[in-house]
Amino acid sequence: MAGYRELLRTPGVGRIIAAQLTARFPNGMTSLAVLLHIEHVTGSYGAAGLVLAAVSVGQAIAGPVTSRWMGIWGMRKVLTITLTFCAITIAVIALVPMVLPAYIALGVIAGLSTPPVQSAARTIYPKLVNSRQLTPLFSLDASLQEIIWIIAPVLITFVATQVGTVEALVLIVVILVAGGAWFILSPEVGRVRIPRSRRRIGLVLTKPPVVLATGVGFLLIGACAAVEAGVVATFDHGGLEAGIVLAVFSVGSLAGGLGFGHIPIGPWAMARRMAIVAAGLTLTMFSLDIWWLGGTLFLAGVGIAPAFAVMFAMTSVSVKFSETAEAYGWIGTGQLIGAAAGSAVAGFLIDGVGAQGAYVAAAAFAVAALAVSVVFVRGFPDLRGRDASPIPDTEPVQTIR
């Protein structure tokens with residue numbers, strides 16, 4: 001923990017972490033709020049699912065595109081424009097009664113205009129700390145984002161069910177604008193300039209570490225989405241059990257990230273972390289008892305934040321600075337597709353064999369991620385004793401002082 005205290009004392013680090021977490025807090029609220037609101041308005045979970053799918057499609061398309069735009073027009077301009085469109089769109093969904101096709105269209109727009117805060121923050125990090133601190137910073141970031149998934153779903157579900165779905169969506173708009181403004185106005189966002197990439201969009205995927213980070217992220221988030229579906233199906237009687245078990249899952253990830261963040265990252269680091277996740281999720285298949293699920297999911301969670309830290313660091317070290325934002329955008333898109341795939345597979349298995357099928361799906365996704373990490377271990381860079389900063393661009397990068 002002493003290393004993290006030193007890290008947070010570095011000028012700008014604490015502010016950027018807090019601002020980006022606040023700006024991203026709606027990410028853990030929007031899906032549930034939209035689901036509950038559209039179901040309340042239309043009386044159909046099927047209709048709500050279509051709107052959610054539209055939001056996810058928009059986010060998947062936007063990830064690498066809006067991230068790349070930051071190198072063309074600057075972070076603040078892209079973040080401000082996307083934030084404005086996203087906030088207005090969610091407000092309209094909340095306040096204006098419409099037919100289903102209109103809700104779907106607005107869902108696509110909300111997804112497309114999701115501010116690329118995550119890509120921006122992880123592009124800024126290498127400019128804030130020295131090379132020794134960068135890997136621990138990625139680990140701290142991956143760990144603290146679990147706070148979003150512990151608090152946000154509980155908060156928005158309480159507001160939506162006890163106050164109203166309109167108020168829940170308005171709360172999201174307020175947090176989105178306040179957190180987004182805090183992040184956009186942070187001095188570090190104005191100080192760092194991403195040089196324009198000279199390569200076509202998508203060519204960053206020719207880098208093996210970026211492809212591996214995207215693929216493993218797809219499988220890992222697929223496993224997490226299957227777990228969420230399984231937990232909800234297991235405890236579907238309106239109690240607090242589902243929320244508690246999922247919170248324990250996230251607490252395990254938080255503990256793992258903070259506990260293992262100082263460990264140097266070698267080629268086998270991803271495989272070791274995914275082995276923990278796969279072991280924990282495989283054990284969930286043997287019992288649906290709340291204590292058993294809590295313990296096994298805590299174990300699985302211990303490997304999740306450290307695995308994300310490996311993804312962020314290996315991506316950073318493998319691409320030019322001008323390509324970092326786009327690379328993180330593609331990784332985010334892979335994770336969104338993984339969430340959709342994991343939820344869909346788990347849903348079919350729950351309908352077919354019951355809640356236990358979802359845990360089978362989660363274990364299968366995790367084992368597949370472990371297999372990829374082992375088979376393609378040579379594609380994972382060795383960062384032990386190595387600077388994890390991006391490859392410098394050959395032209396000078398303008399900064400504002």
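**A few spots along the chain**

Analyst: Let's start with G354, which sits just after α17 and takes a positive phi of about 105 degrees. Keep in mind that this is a predicted model.

User: OK, and how many residues does α17 have, and how far does it reach?
Analyst: Helix α17 covers residues 324-353, which is 30 residues. From its first C-alpha to its last it reaches 43 Å, close to the 44 Å expected at 1.5 Å a residue.

User: Switching topic: at what angle do α8 and α9 pack?
Analyst: About 10 degrees, with the axes of the two helices 4 Å apart. Helix α8 is residues 131-144 and helix α9 is residues 146-162.

User: So what do you call that arrangement of α8 and α9?
Analyst: Roughly parallel, because the angle is under the 35 degrees used as the cut-off.

User: Which residues make the contact?
Analyst: On α8 they're A142, S143 and L144, and on α9 they're E146, I147 and I148. By class, that contact has four nonpolar residues, one polar and one charged.

User: Now G379. Where is that?
Analyst: G379 lies in the segment after α18, the helix at 356-375.

User: Is G379 buried, partly exposed or exposed?
Analyst: Partly exposed, because its relative accessibility is 22% and buried would need under 20%.

User: What does G379 touch, leaving out residues up to four places away in sequence?
Analyst: P209 and L212. There's also V211: its C-alpha is 9.4 Å from that of G379, though the two are 168 residues apart along the chain.

Technical notes. Residues are numbered from 1 along each chain as its sequence is written. This is a predicted model: local features need pLDDT of at least 70, side-chain atom pairs count only at pLDDT 80 or more; totals for chains, interfaces and linings use all residues. Side-chain values use heavy atoms; hydrogens and water are left out. Buried means under 20% relative accessible area, exposed over 50%, partly exposed in between (1.4 Å probe, protein chains only). Contact means heavy atoms within 4.5 Å. Axes are lines fitted to C-alpha atoms, for helices over the stretch in contact, and angles run from 0 to 180 degrees between N-to-C directions. Angles under 35 degrees count as roughly parallel, over 145 as roughly antiparallel, 65 to 115 as roughly perpendicular and the rest as oblique. Ala, Val, Leu, Ile, Met, Phe, Trp, Tyr, Cys and Pro count as nonpolar, Asp, Glu, Lys and Arg as charged, and the others, Gly among them, as polar. The expected span of a helix is 1.5 Å times one less than its number of residues.
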